[in-house]
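Dear colleague,

I am passing on a structure that will be new to you, and I would be grateful if you could look it over before reading my notes below.

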Amino acid sequence: MAKNDTMEKLVSLAKRRGYVFASSEIYGGFGSTWDYGPLGAELIRNVKEAWWRDVVLAHDNVVGLNASILMAPEVWKASGHVDHFSDPLIECGNCRKRFRTDDLANPEQCPVCGKKELGEARQFNTMFKTFVGPVEGDAAVAYLRPETAQAIFVNFKNVQQSARGRLPFGIAQIGKAFRNEITTGNFLFRTREFEQMEMEFFVEPEDDERWFEFWVKERMEWFQRYGIPAGKLRLRAHDPDELAHYSRGTSDIEFDFPFGWSEIEGIARRGDYDLRQHQETSGKDMTYFDQAKNEHVLPWVVEPSAGVDRGALAFLTEAYAEEEVESAKGKLETRTVLRLDPRLAPTKVAFFPLIKKESLQELAHRLQDEARFEWMTFYDETGAIGRRYRRQDEVGTPFCVTVDFDSLEDDAVTVRDRDTLKQDRVGVGELMTYLREKLAWR
Ligand code: ATP
């Protein structure tokens with residue numbers, strides 16, 4: 001399948017089956033914003049759950065935070081975002097379209113109208129501004145956060161003291177971020193509203209390279225753990241002139257998307273930039289008392305910052321496949337399958353009575369009721385069983401449980417595996433244990 005076909009087919013499947021809809025679709029959509037439908041909402045929840053488990057729960061020295069999106073505007077002045085969080089923008093003198101300089105294949109020629117009338121690059125701040133309170137004046141300006149990280153920095157002392165954090169330790173947060181991107185596109189890849197999974201890992205200044213290496217390795221392994229093959233991931237170190245204003249070194253984890261290698265996560269060495277800026281601007285002490293050294297230090301920071309939506313898009317594109325399989329009648333047919341890791345798959349188990357017969361329906365419902373509080377489940381009794389399987393394959397459901405006539409005799413059901421197509425006969429009493437084993441997080 002040609003690479004670009006995959007994207008087109010995925011976007012169409014996503015809409016048709018309730019993964020992703022264009023936002024405000026009945027009004028013609030709204031500038032690169034997307035809504036997750038029933039299955040998408042579940043996928044996103046699972047991506048975040050996977051991250052939280054592996055970054056927060058798995059580490060003794062990482063704790064969570066859930067801060068508000070609106071913050072004092074001084075935060076963004078101190079952090080450097082008001083002055084530096086901008087993209088170089090070029091306008092075409094002919095068609096007036098605007099582009100990010102790094103999106104131009106030919107820096108002389110407009111990619112829309114083809115005229116060679118591109119102007120000088122100028123800086124465009126990508127923070128969204130809004131007003132707080134009833135008066136719309138400069139004094140009431142607030143920003144929608146362009147990254148979740150700043151809330152972690154300004155809460156550093158609160159968290160460190162209440163959780164009694166000792167270096168090295170991390171504070172993690174998942175939440176929405178907003179950027180008024182000049183050029184958007186590639187579906188969920190670049191949007192103006194998205195979610196980030198960020199962790200600020202505070203270390204002794206002399207340890208920052210070691211912890212940078214540690215988190216790069218952890219994060220590369222994380223994507224592989226949930227289904228991205230090593231060959232489709234690469235690490236790209238930023239050139240010095242590409243570095244964000246706060247960074248002393250950043251590497252991006254890139255994924256081989258159908259539209260080319262692109263960033264899904266950035267891992268930055270932020271040094272003590274942020275804590276120092278907030279200390280100077282707020283006048284509040286942001287140091288940590290290092291008992292071993294008997295001195296106050298400003299910790300340095302290693303930051304893995306991943307996009308929920310970009311991650312989900314990477315998992316989805318990797319999972320999408322079309323393949324020839326043999327039908328029940330022995331004919332070859334094409335099936336579309338989303339080979340999502342079972343832990344990320346929205347619906348984990350579908351329950352089917354072979355036909356609409358009360359005794360089969362009852363047992364299928366009873367089994368579903370046992371499973372529904374652990375996973376998202378689905379019940380379907382309409383159409384031929386083969387068609388029901390295909391529908392679940394297409395949305396990535398890893399297991400289908402079928403109750404047939406024999407079930408009433410042998411007290412067992414058939415569990416079909418989405419990937420191997422193998423069918424296991426499992427005793428009704430053992431079904432939950434069987435599924436729990438297959439769906440375990442670790
Ligand atoms: P890019 O260069 O693609 O604009 P960035 O380097 O500005 O990304 P970071 O500031 O490092 O991105 O943000 C960390 C992560 O947040 C990115 O790796 C990405 O997964 C996610 N992210 C950033 N901007 C967007 C966006 N506009 N839409 C969706 N996800 C985003």
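Two strands are said to pair if DSSP finds at least two bridges between them, and strands themselves are DSSP runs (E, at least two residues) numbered from the N terminus. Please keep in mind that this is a predicted model, in which local features need pLDDT of at least 70 and side-chain atom pairs count only at pLDDT 80 or more, while totals for chains, interfaces and linings use all residues. Residues are numbered from 1 along each chain as its sequence is written, and side-chain values use heavy atoms, with hydrogens and water left out.

Strand 4 (residues 86–91) pairs with strand 6 (residues 122–125) in the antiparallel sense over four bridges, and leucine 89 has arginine 122 in strand 6 as its bridge partner. Strand 4 also runs antiparallel to strand 5, to which three bridges join it, with glutamate 91 standing opposite arginine 98. The hairpin of strand 4 and strand 5 has six residues between the strands, and in it arginine 96 takes a positive phi near 70 degrees.

Arginine 100 lies in strand 5 (residues 98–100), and it counts as buried because its relative accessibility is 11%, where buried means under 20% relative accessible area (1.4 Å probe, protein chains only). Its side chain makes polar contacts (N or O atoms within 3.5 Å, one able to donate a hydrogen and the other to accept it; residues adjacent in sequence count only if both atoms are side-chain atoms) with the side chain of aspartate 87 at 3.3 Å and with that of aspartate 102 at 3.0 Å.

With kind regards

Technical notes:
Buried means under 20% relative accessible area, exposed over 50%, partly exposed in between (1.4 Å probe, protein chains only).
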